[in-house]
Amino acid sequence: NVPMLRLLLPFVLSVALCCCPSVRATKPGEISLGTTLVAACFKGGVVVGADTRTSAGAYVTNRYATKIASIVENDAGEGGGVVICRSGSAADTQFLADRAKWELRERSYRLGVLQDRPPVGQVARLLRSLMLEESQDMVASLICAGYNSEKGCGELYSISQTGSLIHEDAGYTAGGSGSSYILGFLDREYKANMSEEEAVDFVTTAVQLAMARDGSSGGVVRLVILAADRQEERMVITPSPSKASSSQREARGTVATSKSLPGFANPLHRTKG
């Protein structure tokens, strides 16, 4: 009957993805980091953004997942909020986020510094040590971003699967499979000391451009703004191609216009001959 088929469908799809080479998105031994993560500092804080698609091989398991996890909350408006953007195995990155929050909470209880907010660099180094402890089985790549209340600015750190920790002095960074499509856009469009809204537009546009080209990225754009006085979350819904205007729609095989994908060069038009 129909209810039984609905219950068996996820199991059948998972077996097909694991056993059928033509359906599987990666070869044995390859690591899938299918997502798009972007973070950029502005004058007085930092903005992080991510898409919301999670998948198991070629099967999209969740269209509206949350890939930004809060490690240090800034709910009281005292500054010092820290978040991480997660790519890799959802289970591994969720474990890292929960373990880091537990370690920081236990430290505050043990040392009696309940009001002390750990700096961004300390949180990033803690995440790196946790990844190295589980390096044999861990599939994760992170961006650690937060507001440094002592310096009065945003800070960014990239943590690779091998445990390397990079302080992003350039003021912006990107991760995941979609990042390779937007590196030129990031290098060209980022400006130091941007305003908050300029940084929000910069991160939103970058994620949308990656979602338009990367098959592993999709859904909506989730944003988190970390500033001295608040930690704000936003969501930007990208219109689907069926709802786009006629000027933005394009037939298969025709040249894409720069208006439909701002920041990208027009693809080469191949003629038969």
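The structure is a predicted model, in which local features need pLDDT of at least 70 and side-chain atom pairs count only at pLDDT 80 or more, while totals for chains, interfaces and linings use all residues. Residues are numbered from 1 along each chain as its sequence is written, and side-chain values use heavy atoms, with hydrogens and water left out.

Side chains of opposite charge can pair when their charged atoms come close. A salt bridge is defined here as a side-chain nitrogen of Lys or Arg within 4 Å of a carboxyl oxygen of Asp or Glu. By this rule there are 11 salt bridges.

Arg 99 takes part in a salt bridge with Glu 103, at 3.1 Å from N to O. The two residues are 4 apart in helix α2 (residues 90-111), and therefore about one helical turn separates them; helices are DSSP runs of H or I with at least four residues, and strands are runs of E with at least two, numbered from the N terminus. Arg 99 also forms a salt bridge with Glu 133, where the closest N and O atoms are 3.8 Å apart. Glu 133 lies in helix α3 (residues 120-133), so this pair ties together parts that are 34 residues apart in sequence. Glu 133 is exposed at 51% relative accessibility, whereas Arg 99 is partly exposed at 24%; exposed means over 50% relative accessible area, buried under 20%, and partly exposed in between (1.4 Å probe, protein chains only).

A further salt bridge joins Arg 230 and Glu 196, with the closest N and O atoms 2.2 Å apart. Arg 230 is partly exposed at 25%, and Glu 196 is buried at 19%.
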